[in-house]
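Hi everyone, thanks for making time this morning.

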Amino acid sequence: MTATVPAETAKVGAGRMSRREVLQALSGLMVGMFVSILASTVVANALPRIIADLNGTQTVYTWIVTTELLAMTATVPLWGKMADLYSKKLLIQLSLGLFVVGSLIAGLTPNVEVLLASRVVQGIGAGGMTALATIVMAAMIPPRELGRYAGIFGAVFGVGTIAGPLIGGVLVDTSWLGWRWCFLIGVPFSLLSIFLLQRTLHLPVTRRKVTIDWLGALLITAGVSTVLVWSSLAGNKFAWASGWTALMVGGGLALLALAVWVESRAAEPIVPLEIFRNRTVSLTTVASILVGVAMFGGTVFLSQYFQLSLGKSPTVAGLMSLPMILGLLVSSTVAGQLITKYGRWKRYLVTGAAVMVVGMLLLATIDAGTSVVLLGVYMAVLGIGVGMLMQNLVLAAQNDVPAHELGAATSVLTFFRSMGGTIGVSALGAVLANRVATLSAEKLGPLAGGAPGGEGSTEVPDLSTLPEPVLRIIQDVYGTATGELFLVATPFAVLALVVVLFIREKPLHTLSGDERRAREEAAAAVPGAH
């Protein structure tokens, strides 16, 4: 399918955007990115109430989170490719519009079926926002200056990821708000973001013929969705080693193999395969997967640990995440400023990966008796490491690809980080469930038959109904199992450190993505130019 891309209707200045214009445009991007990330995490502490009110089942409990995450992860490459072909401003407003529609439907949903459908729409919108925010930033700002702003974006991403359970807990615990506001809270912020972007974001669009590889997009989405659906169900609905696993993994890999074949022959592939010939892109992609597994796979269960092992309320459990948020916020912002000042970035990648390993090892020592102060220190260490590492992986890749591949490179990293996180949550959730069941059986004996626990389980115990001796055992079980979970996740962090060590540092460009693209196109138009 071929289409002509319309020129941007907004006024485009002759030169680079001023610092004030950049900050104004970034305000809209940051608001939109925050609410899109929040959509994935804000329901964590609200799920039991949602399921009770809508008479949902165990399957629905899991899929309220999984459907949004699947839709977001699977559509990121498509959004990234369209950003290289169409108006970035129009696309980012479209993604926010989809998010608003999905949020309104979810907040007003009469039943679980409508809720699940709305979460898919939310996920598609959130996928666009997550991919396009970083792409738009690279188009406006030279890599040499990007660190100053990338640190802020890294902090927004981390705060949205970690603060979601806190915000959700407060909304659920507030009688005059309730769980529906976990979805509705994003609507006014998304509309504000659309308004700010319309007023402040002015990016040129090249008018040219383009061909969208819809077959490749369909195969990638189907293949990735099949693998992610398997990872969310394996160990829960069926055994890891089972016929269903063979069918779903085999089918997913076959679809992805077919997608690779289609992409290698497409005129405008969704994921340009040649991009992986770039050493930096390949290494940062692998590192992003490992960071996703280690960070999301480990930290997503901390809220459960706070409530079940330490006996905290949903709101207090959210507040206990603040040390990680502050560590991430400070380190990403400071590292970004230093990168902009000195132009060196690899040292922060290596340091961040090393500190993340230390944070994971420290959290591997926690149990039901760990003091809140010590726990806060451990979480701050992990936040500092992730803050220096996560966003600067994107910076390294963006700095090392041609301007016309900025969208593809950025979306590839975002896509693989999200996929790593999704698989990490599912796999480590199964590990946690098995350890809880085993430890409960050992310590409670016959009383532990069908012991509760595990990711997405509706059999999580109500601590207020347990007799004192059993309560202490259950708290100890969840504390021990959570510590072991971080120990299992630590090797992924170590591998991320090893991969980062092999990334070559290259000087940061002093031209923005749009300026580089204009120069590349001008050079290509001159015969014999290189």
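This is a predicted model: local features need pLDDT of at least 70, side-chain atom pairs count only at pLDDT 80 or more; totals for chains, interfaces and linings use all residues.

Let's start with leucine 329.

Where does leucine 329 sit? You'll find it in helix α14, which covers residues 322-342. It also belongs to a nonpolar patch on the surface, together with Leu319, Leu322, Leu326, Val330 and Val334. Taken together, the residues of that patch have about 500 Å² of accessible area. Helix α14 supplies the largest share of the patch, with 5 residues.

In soluble globular proteins, nonpolar side chains tend to be buried together.

The largest nonpolar core here has 122 residues, and the ones with the most contacts inside it are Met140, Phe306, Met356 and Leu375. Which helix gives the most to this core? That would be helix α17, residues 406-444, which contributes 14 residues.

Take leucine 375 as an example. If we set aside its neighbours within four places in sequence, leucine 375 is in contact with Tyr305, Phe306, Leu310, Met320, Leu363, Ile366 and Thr370. There is also a second, separate core of 17 residues, and among its members are Ile50, Leu54, Leu171 and Cys182.

Now for a tryptophan. Tryptophan 230 lies in helix α9, residues 214-233. Its relative accessible area is 15%, and since the cut-off for buried is under 20%, tryptophan 230 counts as buried. What does it touch? Not counting residues up to four places away in sequence, tryptophan 230 touches Phe238, Trp240, Thr245, Met248 and Val249. As for leucine 247, it is 17 residues from tryptophan 230 in sequence, and the two are 9.4 Å apart in space, C-alpha to C-alpha.

Let me finish with the whole chain. It has 530 residues, of which 58% count as buried, and its secondary structure comprises 19 helices and 2 strands. If you look at contacts between residues at least 6 apart in sequence, 85% of them join residues at least 24 apart.

Conventions: Residues are numbered from 1 along each chain as its sequence is written. Side-chain values use heavy atoms; hydrogens and water are left out. Patches are made of residues with over 30% relative accessible area and no salt bridge: like charges are joined within 9 Å, nonpolar side chains (Val, Leu, Ile, Met, Phe, Trp, Tyr) within 5 Å. Accessible areas come from the Shrake-Rupley method with a 1.4 Å probe; for residues, only the protein chains shown count as cover. A salt bridge is a side-chain nitrogen of Lys or Arg within 4 Å of a carboxyl oxygen of Asp or Glu. Helices (H or I, at least four residues) and strands (E, at least two) are DSSP runs, numbered from the N terminus. A nonpolar core is a set of buried Ala, Val, Leu, Ile, Met, Phe, Trp, Tyr and Cys residues joined through side-chain atoms within 4.5 Å. Buried means under 20% relative accessible area, exposed over 50%, partly exposed in between (1.4 Å probe, protein chains only). Contact means heavy atoms within 4.5 Å.
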